[in-house]
Amino acid sequence: MYYAQAWHLALNDTPLFPEDFQAWIHGPVIPALYQKYRLFGWQPILEDVNPELPQEVQEFLDEVAHEYFACDGYELEQMTHAETPWNLARGNLPLDEASNEVIQKQWMKEYYGSRVEEKD
């Protein structure tokens with residue numbers, strides 16, 4: 001969800017969805033989604049969801065999934081911890097200290113937007 005939002009902001013200049021991510025210890029989290037799916041723990045989420053999305057959104061999400069679904073939770077954690085938006089939200093907090101600071105969409109847009117420019 002985080003990378004889908006980040007790349008959508010960078011490429012389309014608009015959020016994919018309105019919710020904000022918080023800079024939790026292990027990475028970006030939308031608290032409401034965490035509460036909904038936390039019972040699954042480290043297991044796959046086995047819930048059939050088939051939202052009707054515009055074709056361009058579905059294609060975009062398919063691309064994001066292709067890039068990131070091969071990564072496990074540890075890899076994703078390491079990636080987000082090395083990136084500016086999560087670090088800006090956390091500030092000087094120790095890595096093991098809880099935080100509910102919001103990762104600003106503008107930070108995501110700027111950081112991932114600069115990565116788009118690097119690839120061109």
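This is a predicted model: local features need pLDDT of at least 70, side-chain atom pairs count only at pLDDT 80 or more; totals for chains, interfaces and linings use all residues.
In what follows, Ala, Val, Leu, Ile, Met, Phe, Trp, Tyr, Cys and Pro count as nonpolar, Asp, Glu, Lys and Arg as charged, and the others, Gly among them, as polar.

The largest pocket has a volume of about 2300 Å³. It is lined by 44 residues, and those closest to the pocket centre are M1, Y2, L33, Y37 and I45. Several elements each give two or more residues to this lining: the helices α1, α2 (31–37), α3 and α4 (73–81), together with the strands β1 (21–24) and β2 (27–29). Helix α3 provides the largest share, with seven residues. Sorted by class, the lining of the largest pocket holds 30 nonpolar, eight polar and six charged residues.

Two of the helices that contribute to this lining, α1 and α3, also pack against each other. Helix α1 covers residues 2–12 and helix α3 covers residues 55–68; their axes lie 10 Å apart and form an angle of about 125°. The crossing of α1 past α3 is right-handed. On the α1 side, the contact is made by Y3, A4, W7, H8 and L11, while α3 brings F60, L61, V64 and Y68. By class, this contact of α1 with α3 consists of eight nonpolar residues and one polar residue, with no charged residues.

Terms used:
Residues are numbered from 1 along each chain as its sequence is written. Side-chain values use heavy atoms; hydrogens and water are left out. Axes are lines fitted to C-alpha atoms, for helices over the stretch in contact, and angles run from 0 to 180 degrees between N-to-C directions. Helices (H or I, at least four residues) and strands (E, at least two) are DSSP runs, numbered from the N terminus. A crossing is left-handed if the near helix is turned anticlockwise from the far one by less than a right angle, and right-handed if clockwise. Contact means heavy atoms within 4.5 Å. On a 1 Å grid over the protein atoms alone, a cavity is a set of points where a 1.4 Å probe fits but cannot get out, and a pocket is an open set with protein on both sides within 12 Å along at least five of seven lines; lining residues have an atom within 4 Å of a point. Grid points are joined across faces, edges and corners, and a volume is the space filled by probe spheres set on the points.
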